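This briefing concerns the contact between two protein chains and a few individual residues of interest. The structure is shown first, and the points follow by topic.

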Amino acid sequence: MTQDMIVAKNLTKKYEDFIAVDGINFTVKRGEAFGLLGPNGAGKSTTMRMIASTSQRTDGELQILGKDPNTSGPEIRAHLGVVPQQDNLDFELKVWENLYIYGRYFGLARKFVKTKIEELLAFAQLEDKRNVKTDALSGGMKRRLTIARALVNEPEILMLDEPTTGLDPQARHVLWDRLFRLKEQGVTLVITTHYMDEAEQLCDRLIVMDKGKIMAEGAPAQLIKDYSSREVLEVRFGSSRNAEAAEKLAAVGDRIEVLPDRILIYSEDGDAVLKQIHELGLEPVTSLVRRSSLEDVFLRLTGRTLVD
Amino acid sequence: MSETSVTWQGATKLVNMRKALTFGAWFVAEYRLRNMSKWLGAIFAFGLGNPILFLLSVGIGIGSLVDKGSGGHPMDGVGYLVFLAPALLATAAIQGAMDETTFPTMQGFVWDKSFFSMNSTQLTGGAIVRGIMIAAAIRCVFTVFMYEIVLLAFGAVTWASIPALSWSSTIAGISFAAAMLAATSFVKQDDGFFAIVGRFIIAPMFMFSGTYYPLEILPTPLQAIGWISPVWHSTNLGRHLSYGHPVADWLVVVHYAYFLVLFVVAMYVATRQFEKRLAA
């Protein structure tokens, strides 16, 4: 069996005048957790829908599990697990019924689905919610149910579009734990997110997207190494004084980014830079030294922050 | 490949493609029936309550007036309730069936986007359309059956006329439900769509279709509303089949052709629009 689960070449999607995905190339290998990182409107969800073999590409080539989704859509979809951005569960049905009907859509035998439901409820930590009307679940529970549902057909690729958007921090961590377990079991994951911490936690490799194009590709740590320094010093002088202070800081550190509310100074040693700033006679209101993240990579590549 | 990964990646054998593609519509119908079961109380209440109230007020009230006023020559040579029954059944069949195509289509595309979750499995737009129609047809037969029970209790129909009346009303219900399915598949937002359909399509269809009196009584321009209305085609056919109301052979053919064309065109349009909308 092929080890390349997804191969995209010059993949393009146009809506009338608007180019949502602009000729991107990438490959996802078996067992890999692959991320699409970018702000809203970067083309991540459109790319996901093309991989999910529901939305047809305008141009380029796409192979999923060795097949072309334009001609083998249903065959490919039978082996995918799709978690859309919005939980499209049936809220009138009970929790177990949502898993049941989805298993039945795939034509799985009733008896098999009933056994599978137990496994999935345990995985999603929803065993005691089995007979609850889906509408009554919390946001995090609905999300976990949607993920459990996507696993009913034992998919070869699990696709998650913004899996934790709108969830509180605790619910996010529970979800990450579940996804991490799948990854350990060797499930191929494709994840879109605009959260850099999520991408760093879950993805082996990712593409950074903006305006339908790929800006960079690689492992999170490698991208940080390639596009940013080891550390970042964040200083605030108050919004009225930021610009003035930035002029004086031009010579400090490797590189500097001036944001409306703060100044980022990239350097291998953040504390040393802070010391230099004090020596220049500048007194920032607040200062923080941290490790570089994907957020910094994105800022470097696009000049914009991920979450506006 | 490790053993744990087999648990999650054995899909190649798990989904039987041939079975999944052949019976796709039935899996959708199975879901629709499960969803419907959540509203079973309402389905029963409307299914029985509507005909009981209607027959008590219009059927018996106006019926006795008409029967008396006809001086021993009742409508079409039969009692008013017998005359009315095919029209009532046609309307009930249409209403019951279209409830199961319009609301689910709005639900599927707009409210909870369930069609998109169906379409992320191997199910195609065509399978979804057919599945919805199967469930609507089942609801239609069920609604007609409940109505007939009430009609039987009121003595408006005889057991012998049940097969003919079931046939004439169910084909109307199914073809019009298909038309409404096609229409609803174009609706992007529910801003007054259902109100417009109810007031400007369903109500006139019922009023000008020879429901309460023979269509021929109306002036020709108004009769035309009846000619395009499924209620009239069904009612006329039902009267012909159940108690021998005279209808020319060519007109019987027209009635059947009307429903066949309506159904085929509607299914074609709906399938095309579903596939297009799901692939956007």
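A salt bridge joins Glu97(A) to Arg34(B) in this predicted model, and the closest N and O atoms of the pair are 2.8 Å apart. Across the interface of chain A and chain B, the rule finds four salt bridges. Polar contacts across this interface number 13 residue pairs, with both residues at pLDDT 80 or more.

**Elements and composition on the chain A side**

- In chain A, the elements β1 (4-15), α2 (69-77), α3 (95-105) and α4 (110-123) each supply at least two residues of the side that touches chain B.
- Of the contributions to this side of chain A, that of α3(A) is the most, with seven residues.
- By residue class, the side of chain A that touches chain B comprises 22 nonpolar, 11 polar and 16 charged residues.

**Extent of the interface**

- Chain A brings 49 residues to the contact, and chain B brings 37 residues.
- The two chains, A and B, bury about 3800 Å² between them, and 56% of this area lies on carbon and sulfur atoms.
- Three residues, Tyr105(A), Glu154(A) and Gln185(A), account for 18% of the area that chain A buries against chain B, more than any other three residues.

- Asn119(B) is located in helix α7 (residues 114-119) of chain B.
- With a relative accessible area of 5%, Asn119(B) counts as buried because this value is under 20%.
- When its neighbours within four places in sequence are left aside, Asn119(B) is in contact with Thr54(A) and Arg77(A) from chain A, and with Thr124(B), Gly125(B), Ile128(B) and Leu278(B) from chain B.

**Residues of chain A with positive phi**

- Asn10(A) has a positive phi of about 50°, although Asn10(A) is not a glycine.
- This residue, Asn10(A), lies in strand β1 of chain A, and at a relative accessible area of 40% Asn10(A) is partly exposed.
- Leu65(A), which is not a glycine, has a positive phi of about 50°.
- The position of Leu65(A) is in the loop between β4 (59-64) and α2 of chain A.
- Leu65(A) has a relative accessibility of 18% and therefore counts as buried, the limit being under 20%.

How values were computed. Residues are numbered from 1 along each chain as its sequence is written. Chains are lettered from A and ligands numbered from 1 in the order in which they are written. This is a predicted model: local features need pLDDT of at least 70, side-chain atom pairs count only at pLDDT 80 or more; totals for chains, interfaces and linings use all residues. Side-chain values use heavy atoms; hydrogens and water are left out. Contact means heavy atoms within 4.5 Å. Buried area is the accessible area (1.4 Å probe) that two parts lose on being put together, summed over both. A salt bridge is a side-chain nitrogen of Lys or Arg within 4 Å of a carboxyl oxygen of Asp or Glu. A polar contact is a pair of N or O atoms within 3.5 Å; within protein, one must be able to donate a hydrogen and the other to accept it, and residues adjacent in sequence count only if both atoms are side-chain atoms. Helices (H or I, at least four residues) and strands (E, at least two) are DSSP runs, numbered from the N terminus. Ala, Val, Leu, Ile, Met, Phe, Trp, Tyr, Cys and Pro count as nonpolar, Asp, Glu, Lys and Arg as charged, and the others, Gly among them, as polar. Buried means under 20% relative accessible area, exposed over 50%, partly exposed in between (1.4 Å probe, protein chains only).
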